[in-house]
Structures are given as C-alpha cells and as structure tokens.
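Subject: Structure handover

Hello,

Here is the structure we spoke about. Please open it first, then read the notes below.

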Amino acid sequence: MSSARAARTAGFNVTASALAILFLFPLLWSGWSSVKGQPGTSQASGYGLGNYRYLARYGEGVVTYLVNSTAVTAMTVAGTLLVAALGGYGFARFSFPGKNLLFLATLAILMVPYATILIPLYVLLDRLGLQNSLLGLSLVFIMFQLPFALFMMRNSFEAVPRELEEAALVDGCSTFTALRRVLLRAVRPGLVTVALFAFLASWNDFFAPLILISDASKFTMPVAVYSMQQRSFGAIDYGALEAGVVVMALPCLLAFLLLQRHYVRGFMTGALRG
Amino acid sequence: MRPPWWRSRSFKGIGYTTPTALVVVVLFLTPLALVFWMSLNRWPLLGSPTFNAPANYQRIRDNQLFVDSIGFTLKYTVVITVLLLALAMGLALLVQERRRGTGFFRTIYLLPAGVGFAAAALLFYGMYSTEIGPIDGIMRAVGLTPPVSFTGSPNTALFSTIALVLWRFAGFQMLILLTGLQSIPLELYEAARVDGATRWQAFRRVTIPLLRPTLALLLVLSITGSLLAFDQFFILTQGQPDNSTLTMVMVIYREAFFRFDLGSAAALSVVVLVVLVALNVLQLSILRRDRTESEASS
C-alpha cells in the first residue's frame with residue numbers, strides 16, 4: 001500500500017468524521033439538554049426527567065397532543081394509501097376519458113404554493129364544518145401527498161407484469177379481487193414508501209395545523225411545542241422545549257433508520273424517474 | 001373478440017380514480033378557484049365578504065412589508081441555494097466511493113432529514129439561546145467572538161437560519177446527488193484518466209455535464225422551497241429584528257391572521273402563485289433548451 005493512498009484514506013476519515021460530529025451534534029445536544037438541570041426550571045439541577053414531567057403536564061398535557069398527532073397521522077397514511085393505491089391501479093391499467101387531464105391536475109398540486117391553497121382551504125373547511133377538525137387536517141394532508149403518492153403507485157403498478165393480473169381475471173376474479181389478492185402484494189415496496197412519506201409529512205407539518213387548528217385541545221405536537229416557545233410571560237423553559245423536540249423527533253428517526261432501505265430505494269427508482 | 005371482463009374497463013377505470021378526482025376537485029381545484037374569488041373581495045376573517053376588485057391588488061404596491069419581503073426572500077433563496085448545493089456536492093463526492101465507513105457516514109449525514117423541519121427549528125432555537133445554548137461557549141473556546149444574540153442583527157439572524165437549513169437539508173440533497181453520480185459509467189472516468197486528465201478536470205468535464213438533470217432537479221426544488229420559506233424564519237427569528245427577516249409567505253400569514261384581511265392575503269397568494277408558475281415554466285424551458293443544445297453538440 002503506497003503512502004499516498006494511506007494519506008488519502010486518513011484524509012477521508014478525518015474529514016468525514018469531523019463532518020459527522022457536526023451533523024450529530026445538534027441531535028445529541030437536544031437529547032442531553034432535555035435531561036440536564038437548569039436553575040429555576042422544572043429540572044432545577046443535576047440530571048433527570050423533570051423536563052419531561054413538565055412537558056407531560058404542559059397545556060392540555062402532552063398525551064393529548066400525541067394522541068392528536070397520532071390520529072392525524074393514522075388518518076393521513078390510511079387515506080393516502082387508499083386513494084393512491086386505487087388511483088395508481090386505475091391510471092396504470094385502464095384507459096378512460098379525462099385520464100390525462102386528471103393526472104395533470106393532480107401533479108399541478110406540486111406547482112401551487114402552500115400558503116396560496118391554505119388560505120382558501122381555511123374558508124372552505126369552515127363551510128364544510130371541518131374547521132378546527134383533525135379529520136379536515138388529514139384531508140388536506142392527503143391532498144398534499146397525492147401527487148407523489150399517485151405517481152409512485154402508478155409506476156409501481158406499471159412495473160407489475162400484466163400476465164399476473166390476467167391469470168386471475170381469466171379465473172373469474174373481478175378486477176378488484178385481483179387488485180386485493182394479487183397486485184397489492186406485488187406493489188408493497190411502493191406502498192411502504194408512500195406510507196413513510198405520508199407519516200413523516202403529517203407528523204411533522206407545522207404550517208397547515210397552525211392555520212387550520214385554533215382550538216388548543218386539538219393542537220398537534222409541532223404546534224403545541226411551538227406554543228411553549230411563544231409564551232411571552234416569564235422565561236422560556238428551554239429544557240422542556242428540547243424534551244418536546246426529542247418526543248417529536250424520536251419516532252421519525254426510528255422509522256427513518258428502520259425503513260432507510262425503502263426510503264432510499266423509493267428515491268432511486270419511482271420518485272425521480274421522469 | 002375481447003373477453004367479457006374487458007367490456008366495461010373504461011367504467012372501471014373511472015371507478016378506481018374517483019377518490020383521486022374527489023380529492024383533487026374538492027380540496028385543490030375548488031380552493032384554487034376560491035382564492036381568485038377571495039382576492040376580488042373585501043373578505044374579513046369574521047363577517048361577510050363584499051366585492052371590491054381590484055382594491056386588494058392595488059394595495060399591494062403600498063404594502064411596504066410585502067415589497068421588502070420580496071427582496072429578502074430573493075436574497076435568502078440565492079444564498080441558500082448556492083451554499084446548500086455546494087455542501088451537498090462536497091458530501092456526495094466524499095462518500096460516493098465504496099470504501100470502509102461510507103455507508104455509516106451517509107446515514108449520519110442523512111439523519112437530520114428525518115427530523116421534522118419545525119422540530120429542527122425549535123432545536124436550533126434552543127442551541128442559539130444564550131441561556132442553555134452551547135454555541136456561544138464553543139465560539140469562545142476556539143477564540144472567536146460570538147455575537148451578543150444569534151438572531152439579534154439582520155445578518156446574524158439570516159446566517160443562523162442558513163446554518164439550520166444546511167444541517168436539515170444537506171444530507172437529503174446529497175442522497176439525490178448520489179443517485180445521479182452512480183448513474184455515471186465508470187469507464188468515462190477511466191477514459192479521462194488515460195487521457196491524462198486531473199481529478200478536477202474529470203469533475204468539470206465528466207461529472208458536471210452528466211449530472212445536469214440531477215442538478216436541475218435540485219435547483220428547482222431548492223429555489224421553489226426557498227421562495228416559499230416560512231417555518232424556519234417564523235420559529236427562529238419571527239421576522240426580527242425590525243422585520244428584516246420577513247419572507248413573502250410570512251407576510252401573507254400576517255395579513256390573514258394578524259390583520260384579519262383574507263382578501264388581501266388571497267391577492268398576495270395569487271401574486272406569489274403566478275410568479276412561481278412563471279418561474280417554473282422558465283426554468284423548465286431553459287433546461288429543455290440546454291438539453292437539446294447539448295444533444296446537438298455531442
């Protein structure tokens with residue numbers, strides 16, 4: 001092994017490690033400061049779970065916000081999967097009048113700024129009796145997820161050999177039975193990617209609940225933790241704030257690490273082609 | 001003869017895509033039409049609307065906050081797009097080769113992308129605080145003079161936010177660049193080396209041209225995202241100091257929910273929409289022209 005090559009390897013290790021420390025530092029710091037004591041706060045000294053206990057009691061209680069976030073996320077993931085799986089199958093395998101128009105209209109969602117669509121949605125959901133409602137919020141998230149999800153699912157269904165489906169249809173299955181029994185299994189990687197994206201987006205989104213939810217008992221986690229930062233009377237309890245960040249980030253980081261293979265592959269295949 | 005199941009396929013296709021059509025019509029096209037209608041009305045947050053076109057549009061010129069926010073948003077967009085792309089390219093080149101540890105480093109650089117953007121902004125809000133934030137102490141320890149407040153002057157506020165956005169998005173852009181880099185055939189690099197090209201020449205003559213579609217995608221994503229910036233400034237700087245870090249979307253939000261003037265917010269939204277669509281069309285047409293030119297020359 002030449003010394004030049006050894007030097008290059010050492011250079012790589014030093015640079016990559018230094019950068020790794022920079023990228024990891026904020027995450028480690030927030031975990032550390034969420035258990036560290038700070039005079040005058042709920043964890044006055046030493047280390048412990050005082051900040052988390054304060055968080056548990058904050059406002060309506062962190063459990064309420066976690067339940068809200070979980071409900072919105074579950075409805076969004078289920079709704080996105082349902083609409084995108086049916087739609088993706090329809091777009092991949094059938095031809096019907098207005099098909100291209102509908103597909104383009106769905107992709108156009110990507111072109112429209114978040115704020116441009118949320119201001120009228122605020123008025124529209126009010127008229128539909130869905131303002132201040134977690135269901136209304138989920139419907140909005142499903143709409144925002146739809147361009148990516150539909151594109152992904154259409155490509156996934158197109159990649160399945162037609163013979164697989166036709167064999168089932170010749171056996172007398174309806175197209176819906178064929179979809180349910182045969183095709184859904186074949187497009188599972190696509191479904192996982194769509195579900196992961198819907199989960200990350202709806203769990204973490206801040207702007208839509210900020211605008212659409214005004215009742216504090218219906219806040220999702222990001223808005224609830226933000227409201228801790230906004231209390232202008234008295235000092236901000238930074239330790240509890242970081243505890244809130246940890247509670248928000250942990251499920252995402254876990255899902256992110258566990259499903260990284262899908263996430264990365266989803267990008268490399270479906271999402272970026274075309 | 002087609003088998004019987006073929007006969008009604010057109011109807012079945014409509015059936016399968018009905019949920020999609022419902023979502024698109026009710027939750028996208030209807031609000032899109034509504035925002036245009038709202039922009040033509042005096043539309044208070046509470047109370048009934050009255051037609052007043054084109055007053056909402058005429059007043060935009062006098063909305064100094066919005067006019068100033070355009071300049072700031074453009075400045076932010078240029079700075080963050082350049083820095084983010086440069087950092088992501090550095091990371092991608094660093095970990096693209098298969099050697100020990102690259103998989104581990106890739107995962108670490110990508111990890112911040114798993115944290116929600118609002119959560120990341122709140123995290124950095126704590127890091128920048130003088131009460132418990134570590135950055136102040138670290139800067140002193142290495143002999144630098146930290147600013148009195150990381151969000152106290154227009155420049156420090158901007159650069160504190162940029163650090164947050166770089167941390168949160170560099171790994172994500174790196175991932176997309178890696179997919180582009182991996183599609184470049186290794187033979188091209190070998191041919192360049194045989195021809196006596198240096199690493200830098202190979203990068204400029206082989207990597208960059210072949211990476212063009214990926215770079216274009218990242219530029220579109222980054223420019224669109226930055227022009228619509230909201231969370232990072234809303235949480236980290238709240239537009240301060242002296243409204244110097246207000247973005248366009250923040251002004252729209254303010255118009256609607258602090259000044260309770262939905263009509264005016266709708267007019268601003270329509271302006272942002274038109275500019276963004278025009279910009280996207282422009283970017284796409286430039287990219288297409290570039291592509292046909294490079295195909296013609298090769």
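Domain bounds here come from an automatic or database domain assignment. On that basis, chain B splits into domain 1 (1-33) and domain 2 (62-297). The C-alpha centres of these two domains of chain B are 38 Å apart.

This is a predicted model: local features need pLDDT of at least 70, side-chain atom pairs count only at pLDDT 80 or more, and totals for chains, interfaces and linings use all residues. Residues are numbered from 1 along each chain as its sequence is written, while chains are lettered from A and ligands numbered from 1 in the order in which they are written.

Next, the interface. Contact means C-beta atoms, placed from the backbone, within 7 Å. By that rule, 68 residues of chain B are in contact with 69 residues of chain A. On the chain B side, H1(B) gives the largest share, 21 residues. Helices are DSSP runs (H or I, at least four residues), numbered from the N terminus. That side of chain B has 50 nonpolar, 14 polar and 4 charged residues. Nonpolar covers Ala, Val, Leu, Ile, Met, Phe, Trp, Tyr, Cys and Pro; charged covers Asp, Glu, Lys and Arg; the others, Gly among them, are polar.

One residue to look at is A:Met143. Leaving aside neighbours within four places in sequence, A:Met143 is in contact with A:Ile109, B:Val23, B:Leu27 and B:Phe28.

Best wishes

Note on methods
Two residues are in contact if their C-beta atoms, placed from the backbone, lie within 7 Å. Helices (H or I, at least four residues) and strands (E, at least two) are DSSP runs, numbered from the N terminus.
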